Amino acid sequence: RDRNEVVEEMVQHCAEYYGYSAELADYWSKLIGNPEELIEFFEANEKHRPVTLRTNTMKCRRKQLQQVLNQRGAVAEPIGEWTKVGLKVLESTIPVGATPEYLSGHYMIQSASSFVPVMALNPQMNETILDMAAAPGGKTTYIGQLMQNTGVLFANDLKKERCKSLAANCQRMGLSNVIVMNQDGTTLGENLPRVDRVLLDAPC
């Protein structure tokens, strides 16, 4: 048998073993190319990712939040040097979404990857900014935090039922510069003033 047949058979076995459809496993195989890296990719997907938090610097500092969480029974440490607000929770004896600090808006439970679009947007104080697909508010509240409650932040979501959690998170995090909207994104240009920056991190 030639190499292609062996790799094809290996991909089929990987799909069965890791519980993926044959089509998806084949797609990843073609995308990654190297069989060893493909297996490393499947293995990485099996590993549990830690819960990550974003510190609300309008209410506390990351080090202070880390100490409080550690005292409450959660082992938290900085995500990495690339972010000054992120913490990862390695283990916890408490639900991190129900602490007094969470309820009073000291942090947001948010994937580390969703910090990046806001960092790329680089919002500035006193700007007018639009987040086009804003719910449930992780990126919106980070934008508002970086704006330090100045300027105007329009937070739009197409689905009305998702705007409730968006508004609640903005309030919990202490933002007063956010206007929550429920419109089709294609009509926003007709209804909004000129904006300085737009974030569209569209749903998958």
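Q: At roughly what angle do the axes of helix 1 (residues 3–18) and helix 3 cross?
A: The model is predicted, so local features need pLDDT of at least 70, side-chain atom pairs need 80 or more, and totals for chains, interfaces and linings use all residues. Residues are numbered from 1 along each chain as its sequence is written, and side-chain values use heavy atoms, without hydrogens or water. Helices are DSSP runs (H or I, at least four residues), numbered from the N terminus. The axes, lines fitted to C-alpha atoms over the stretch in contact, with angles from 0 to 180 degrees between N-to-C directions, come within 11 Å for helix 1 and helix 3 and cross at roughly 5 degrees.

Q: How are helix 1 and helix 3 oriented to each other?
A: Their axes cross at roughly 5 degrees. Angles under 35 degrees count as roughly parallel, over 145 as roughly antiparallel, 65 to 115 as roughly perpendicular and the rest as oblique. Helix 1 and helix 3 are therefore roughly parallel.

Q: Which residues of helix 3 meet helix 1?
A: Contact requires heavy atoms within 4.5 Å. From helix 1 come R3, V7, M10, V11, C14 and Y18, and they meet P35, L38, I39, F42, E43 and E46.

Q: How are helix 2 and helix 3 oriented to each other?
A: Helix 2 (residues 22–32) packs on helix 3 (residues 35–46) with axes 9 Å apart, at an angle of about 125 degrees. The two helices are therefore oblique.

Q: Which residues of helix 3 make the contact with helix 2?
A: Helix 2 contributes A25, W28, S29 and I32. The residues from helix 3 are E37, L38, F41, F42 and N45.
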